[in-house]
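Please consult the sequence and the three-dimensional view while reading.

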Amino acid sequence: MLGGAGALIALPWLEALAPKVGGRASAAPMPSPLRALFYYLPCGIHMPSWTPASEGPDYALTKILAPLVDANAMVDLKGDVLVLSGLANLPAKPEGPGDHAGGTSAFLTCTHVLKSEVDFVNNISIDQLIANQIGDATPHRSLQFGTASGGTMGNCDSGYSCAYTSNISWADPKTPLPKLSDPQVIFDLLFSGFDPDATAEQLAIRHANRLSVIDYANDQVLDLQKKLGKTDRDKLEQYLTGLRDLEKRVSNEKTEAVCELPAMFSGAYQDHATHVDLMTELMVLSLQCDQTRVISFMLENAGSGRDHAFIGAPGAHHEISHHQDLPENFAKLEIIDTWEVAQFAKLLQKLKDSPDGDGTLLDNTVVYLSSEIADGNAHNHDDLPVLVAGKLGGAITPGRHLKVPDKTPLANLFISIAEAFEVPTPSFGDDSTGPLAGLKV
């Protein structure tokens with residue numbers, strides 16, 4: 001950490017910071033820590049344009065998965081992603097209508113919940129199971145991010161509490177963990193708001209004068225640079241340049257909402273694409289600086305009504321997802337789903353471009369992506385769209401399309417992930433049967 005007068009800057013991995021043995025850098029540094037990120041997409045996926053036709057490492061990317069390899073965006077991730085077909089989260093199926101709430105409440109818990117607007121009961125989510133094991137090693141046990149706000153009271157889907165539609169992280173059966181959606185708040189939490197000696201007056205002065213957190217630690221930065229080799233100096237300069245740029249964009253992009261929207265769809269950023277970009281960079285920064293090792297992220301809440309006219313797919317996402325087999329709705333869903341995968345690819349590429357010990361952040365991380373349902377019209381909870389990116393320190397072999405037997409419990413995947421973090425997990429959720437076979441070859 002570098003710090004001063006109301007700001008602390010977490011540093012990335014530098015060779016000069018390696019553990020010393022007998023006055024010299026250790027020849028066998030400690031292995032890099034493992035990390036987990038869970039990424040939620042709303043309203044399902046157009047599965048015919050998602051699922052690869054063949055299995056194994058030689059599968060062809062489908063239209064929706066195409067952004068995983070994009071030369072123009074300098075993205076090459078096919079070898080870093082495992083496409084999983086056949087997984088089911090059957091505890092998510094509700095009694096009667098309410099599949100969005102049922103699917104979202106079970107997204108990371110694999111637990112069936114009952115309809116209630118007030119007395120909600122779920123189970124611990126997989127991210128929090130992992131955080132209970134490793135969370136004490138970082139300033140934040142876990143972080144919950146999203147682009148939409150949301151509370152816990154009221155009816156948000158066919159008699160289900162809003163707690164079930166706007167939260168995927170659960171500390172215990174009665175405690176959903178609210179997410180942060182304002183990039184400025186997150187930036188301050190990671191930096192200026194993290195200094196225990198910072199006063200409200202210091203923070204107010206810095207924001208009023210648009211002073212960077214880096215400016216407060218400038219003397220320490222200069223002192224540190226004198227002690228670093230060229231490789232570390234270049235890495236530090238690149239990191240600080242990116243941090244300063246992000247801070248400026250976080251501060252400058254905040255705008256007032258044009259009109260008042262329902263809480264589950266409202267946001268402080270008129271430009272949704274910019275909002276997602278900022279959240280992506282903040283997630284990477286959180287892991288890169290070891291502020292946390294466990295993150296969950298919701299790209300909108302359950303049943304999102306987001307209008308994607310800005311990418312050529314006008315209309316409410318939820319309504320379009322009820323496609324009724326209409327070609328025009330299929331076309332819009334392909335546009336929306338492809339854009340969502342492109343945002344995911346940005347995140348993965350930034351992790352891949354971040355050095356971490358002898359490898360990269362992506363090598364030592366598992367990044368799970370899925371939705372609360374598969375097809376938005378059928379509202380089915382089997383054959384879910386699932387991507388698992390990263391190697392998790394060698395526990396996963398990506399670069400393949402793996403088809404498991406139909407209706408294999410999603411909970412089995414979470415057991416395997418938990419066990420990679422050395423969390424003994426004989427069972428998880430309502431329907432697990434054991435670790436998922438085939439993750440490593």
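In this predicted model, P176 touches F120, T152, A163, N167, S169 and W170, leaving aside residues up to four places away in sequence. P176 lies in strand β13, which spans residues 175-176. Is P176 buried or exposed? Its relative accessibility is 12%, and buried means under 20%, so P176 counts as buried. P176 and S105 are 71 residues apart in sequence, yet their C-alpha atoms are 9.5 Å apart in space.

**The sheet**

An open sheet is built from 7 strands in the order β9-β14-β5-β19-β20-β8-β21, and its pairing is mixed. Its edge strands, β9 (143-146) and β21 (400-409), each pair on one side only. From one strand to the next, the twist averages 20°. Within this sheet, strands β5 (residues 35-41) and β19 (residues 365-371) run parallel and are joined by 7 bridges.

**Helix pairs**

Two helix pairs are set out below, one of which again involves α11.

| Helix pair | Angle | Axis separation |
|---|---|---|
| α3 (residues 183-190) and α8 (residues 272-288) | about 15° | 10 Å apart |
| α2 (residues 126-134) and α11 | roughly 15° | within 10 Å |

For the pair α3 and α8, the packing angle of about 15° makes α3 roughly parallel to α8, because angles under 35 degrees count as roughly parallel. The crossing in which α3 passes α8 is left-handed. On the α3 side the contact is made by P183, I186, F187 and L190, and on the α8 side by H275, L278, M279, L282 and S286. Sorted by class, the residues in this contact of α3 with α8 comprise 7 nonpolar, 2 polar and no charged ones.

For the pair α2 and α11, the axes cross at roughly 15°, and the two helices are therefore roughly parallel to each other. The crossing of α2 and α11 is right-handed. I126, L129 and I130 of α2 meet F414, I417 and A418 of α11 in this contact. By class, the contact of α2 with α11 has 6 nonpolar residues, with no polar and no charged ones.

Notes
Residues numbered from 1 in each chain as written. Predicted model: local features only at pLDDT ≥ 70, side-chain atom pairs only at ≥ 80, totals over all residues. Heavy atoms only, no water. Axes fitted to C-alpha atoms, helices over the stretch in contact; angles between N-to-C directions. Helix = DSSP H or I, 4+ residues; strand = E, 2+ residues; numbered from the N terminus. Parallel < 35°, antiparallel > 145°, perpendicular 65-115°, else oblique. Left-handed = near helix turned anticlockwise from the far one by under 90°. Contact = heavy atoms within 4.5 Å. Nonpolar A, V, L, I, M, F, W, Y, C, P; charged D, E, K, R; others polar. Pairing = 2+ DSSP bridges. Buried < 20%, exposed > 50% of the residue type's maximum accessible area, 1.4 Å probe, protein only.
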